[in-house]
Structure formats: structure tokens, C-alpha cells
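Here is a friendly briefing on one protein model. Have the sequence and the 3D view ready, and look up each residue as you read.

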Amino acid sequence: MREYSGSVFLADCPARLVIEIIADKWAVAVLFALSREPCRHGELVGLIGGISRKVLTQTLRRLQGYGLVDRHAGAGKAAYALTDLGRTLVEPIAVLTQWAHEHGAAVAEFQESATESPGVT
């Protein structure tokens, strides 16, 4: 097993901060969308179903603040792109997305059956 300097169980571990960042569903969706190509704000709103413009703006700013996304302005249009650091998340997010595709129905079925049978865990 790989050794790390610190433990995600410790409050001050940098890995815990990263897990907190990528645990946000909108952050993962934005990072995954930008893994294909740079996008403008409106393109991201259209691509990511259910996200509001306000939440997208907040998410992009937060990801910029962590050095994962860059904003490039030019010719009156701004586009967002992954930084080199942000691109290091593409493979792990792709693996997680693949897992979600393969097991999402099973999770939804379990959740539905648990809702129908409260008290059974």
C-alpha cells in the first residue's frame, strides 16, 4: 500500500481539502466538462443539466481559487479551461464516472427499496 505524509482522517491534512473540493457534485461535473475542451460560461450551463448560472459562477471561482481552473478572457468572451493541476484530476474523475455508470442503477434501486421499507437497513 502507498504511504502518504498525513492522513485524510486528520483535520489539517491537505488531502482532506482536496476530497472536500471534489466531493461537491458541481465541481466534479464542471471539471469533467472542462476535461474535453475549454468552455464559455453559457456553454457550461447548457452542458451541465440542473446547474444555475449563479452556482456555476461560484463553482468556477472556487475551482480557480484552488488552482484547478483558469479563466481566459479574449475578444470580449471568457472561456474556462483546466490548469495543468486540474488536468491531473481527469483520469480519477473518469474512473469515478465509469463506476457511476456501471453501478448507478444498483444504488438507485437500493435507495428506492430502502425508502419503501423504512426501518430495514
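Ile19 counts as partly exposed, because its relative accessibility is 45%; buried means under 20% relative accessible area, exposed means over 50%, and partly exposed lies in between (1.4 Å probe, protein chains only). You will find Ile19 in helix H1, residues 14-22. The model is predicted, so local features need pLDDT of at least 70 and side-chain atom pairs count only at pLDDT 80 or more, while totals for chains, interfaces and linings use all residues. Residues are numbered from 1 along each chain as its sequence is written, and side-chain values use heavy atoms, with hydrogens and water left out.

**Residues to look up**

- Ile19 and Gln98 are 79 residues apart along the chain, and their C-alpha atoms are separated by 18 Å.
- Asp12 lies in the segment before H1.
- Is Asp12 buried or exposed? Asp12 is exposed, because its relative accessible area is 67%.
- From Asp12 to Leu68 there are 56 residues in sequence and 20 Å in space, C-alpha to C-alpha.
- Ala33 belongs to helix H2, which covers residues 25-34.
- With a relative accessibility of 5%, Ala33 counts as buried.
- Which residues does Ala33 touch, leaving aside its neighbours within four places in sequence? Ala33 is in contact with Cys39, Leu44, Leu47 and Ile48, where contact means heavy atoms within 4.5 Å.
- Ala33 and Ile22 are 11 residues apart in sequence, and their C-alpha atoms are 14 Å apart in space.

**The chain as a whole**

- The protein chain has 6 helices and 3 strands; helices (H or I, at least four residues) and strands (E, at least two) are DSSP runs, numbered from the N terminus.
- In sequence order, these elements give the pattern α-α-β-α-α-β-β-α-α.
- The radius of gyration of the protein chain is 17 Å, whereas a compact globule of 121 residues would have one near 14 Å. This radius is taken over C-alpha atoms, and the globule rule is 2.2 Å times the number of residues to the power 0.38.
- Along the principal axes, the C-alpha atoms of the protein chain fill a box of roughly 60 × 40 × 25 Å.
- How many of the 121 residues count as buried? The share is 24%.
- Take the contacts between residues at least 6 apart in sequence: 41% of them join residues at least 24 apart.

**Surface and charge**

- The protein chain has an accessible surface of about 8800 Å², and 57% of that surface belongs to carbon and sulfur atoms. Accessible areas come from the Shrake-Rupley method with a 1.4 Å probe, and for residues only the protein chains shown count as cover.
- There are 12 positive and 13 negative charges, and their mean positions are 13 Å apart. Lys and Arg count as positive and Asp and Glu as negative, while His and the chain ends are not counted. The place of a charge is taken as NZ of Lys, CZ of Arg, CG of Asp or CD of Glu.

**The sheet**

- The 3 strands make an open sheet in the order S1-S3-S2, with antiparallel pairing; two strands pair if DSSP finds at least two bridges between them.
- S1 and S3 run antiparallel and are joined by 2 bridges. Here Cys39 stands opposite Tyr80 in S3.
- S2 and strand S3 (residues 77-82) also run antiparallel, with 6 bridges joining them.
- Along this pair, Val69 stands opposite Leu82 in S3, and His72 has Ala79 as its bridge partner in S3.
- Ala73, in strand S2, stands opposite Ala78 in S3.
- Ala73 is exposed, because its relative accessible area is 63%.
- Ala73 and Arg40 are 33 residues apart along the chain, with 9.8 Å between their C-alpha atoms.
- S2 and S3 form a hairpin with 2 residues between them, and Ala75 in the turn has a positive phi of about 55°.
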